[in-house]
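Me: I'm new to this structure and would like a close look at one part of it. Could you start with the overall picture and then zoom in on the inside?

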Amino acid sequence: MTEAWDRLRAIMGEPVYTPARVPWELAPAELGVQLPSDYRAFVDLYGAVSLNGEWGVNTPTKHSSAYRSPGGLAGWRFESDNGFREQVEGEDEFWDQDPTPVFPDPGGLLPWGRNSNHNHCCWLTTDPDPDKWPVAVFYDGELDHFDGGFAEFVATVLTGGYAKEDELLVRADPADWGPQPARPLWTPGYDWIGKDWGAEWGVTWHQPTGSTEMPWTRQR
């Protein structure tokens, strides 16, 4: 595994729970590609998570709530090729710009997370080797390119090295919005079988907890 993954794991800490494993071996047939190894390792360890209570790293689920989605890894392809494509095409049209390719289009965007403002974090599927896919963030019809993969990008954001960190993490300005509740670095979400691990600690997806404590991680 990569140095970037080791760094991200050290930043986030070790969870005290074990999410259900995603059957990644089905990805080539159901999704059409395998997903990057650092992302798979992340989901195997944490499941889906919410970062700063605003930015979600998503995971495939066996059963999907999206309309007509078959669920599973095939559901990821379906939801990218439908709901996400619809958003991208709408913004391309609004900004009167050339079409942005969306997976399974060649080199298209494959989303793996989004924030509460519907800004999507994606891979650019430009290489036969998924471990070489760079990250790009789709902001209001524009792509912000990052020269690195999933683990390197998330670690960079969480350590203050990303120029649009406040926009991605949706950090409200107290001068405009007043005092803000405390938030942990991350909170657990759902896993492959749909279990909501955050509920074990009374955590609601994309909601601040009022504390920076993370009892779902092992004490260091």
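What radius of gyration would a compact globule with 220 residues have, and what does the protein have? After that, please take me into the nonpolar core and what surrounds it.

Reply: Happy to. Keep in mind that this is a predicted model. For 220 residues, a compact globule would come out near 17 Å, and the protein has 17 Å, so the two agree. Along its principal axes, the C-alpha trace spans about 45 × 45 × 35 Å. The protein has seven helices and seven strands, and from the N terminus they run α-α-α-β-β-α-β-β-β-β-α-α-α-β. Of the 220 residues, 47% count as buried.

Now for the inside. In soluble globular proteins, nonpolar side chains tend to be buried together. Here the largest nonpolar core has 47 residues, and Trp112 and Phe153 are the ones that touch the most other members. Helix α5 gives this core its largest share, seven residues. That helix covers residues 150–158, and eight of its nine residues are buried. The buried ones are Phe150, Ala151, Phe153, Val154, Ala155, Thr156, Val157 and Leu158. Just after α5 comes Gly160, with a positive phi of about 80 degrees.

Setting aside residues up to four places away in sequence, Phe153 touches Trp55, Trp112, Cys121, Val135, Val137, Phe146, Tyr162 and Leu168. A second, separate core has eight residues, including Val88, Val102, Leu109 and Ala136.

Val88 sits in helix α4, residues 72–94. Its relative accessible area is 0%, so Val88 counts as buried. Beyond its neighbours within four places in sequence, Val88 is in contact with Thr100, Val102 and Phe138. Phe138 is 50 residues away from Val88 along the chain, yet their C-alpha atoms are separated by 8.4 Å.

The elements giving two or more residues to the lining are α4 and β3, which is 109–115. The largest share, eight residues, is from α4. By type, the lining divides into nine nonpolar, 17 polar and two charged residues.

Most residues other than glycine have a negative phi, and most peptide bonds are trans. Phe103 and Pro104, though, are joined by a cis peptide bond, with omega about 15 degrees. You'll find Pro104 in the loop between α4 and β3. Asn52 isn't a glycine, but has a positive phi of about 60 degrees. Asn52 is in the loop between β1 (49–51) and β2 (55–57), and with a relative accessible area of 13% Asn52 is buried. His118 is another residue other than glycine with a positive phi, near 65 degrees. Look for His118 in the loop between β3 and β4 (120–124). At 41% relative accessibility, His118 counts as partly exposed.

Key
Residues numbered from 1 in each chain as written. Predicted model: local features only at pLDDT ≥ 70, side-chain atom pairs only at ≥ 80, totals over all residues. Heavy atoms only, no water. Helix = DSSP H or I, 4+ residues; strand = E, 2+ residues; numbered from the N terminus. Buried < 20%, exposed > 50% of the residue type's maximum accessible area, 1.4 Å probe, protein only. Contact = heavy atoms within 4.5 Å. Nonpolar A, V, L, I, M, F, W, Y, C, P; charged D, E, K, R; others polar. Core = buried A, V, L, I, M, F, W, Y, C linked by side-chain atoms within 4.5 Å. Rg over C-alpha atoms; globule rule 2.2 N^0.38 Å.
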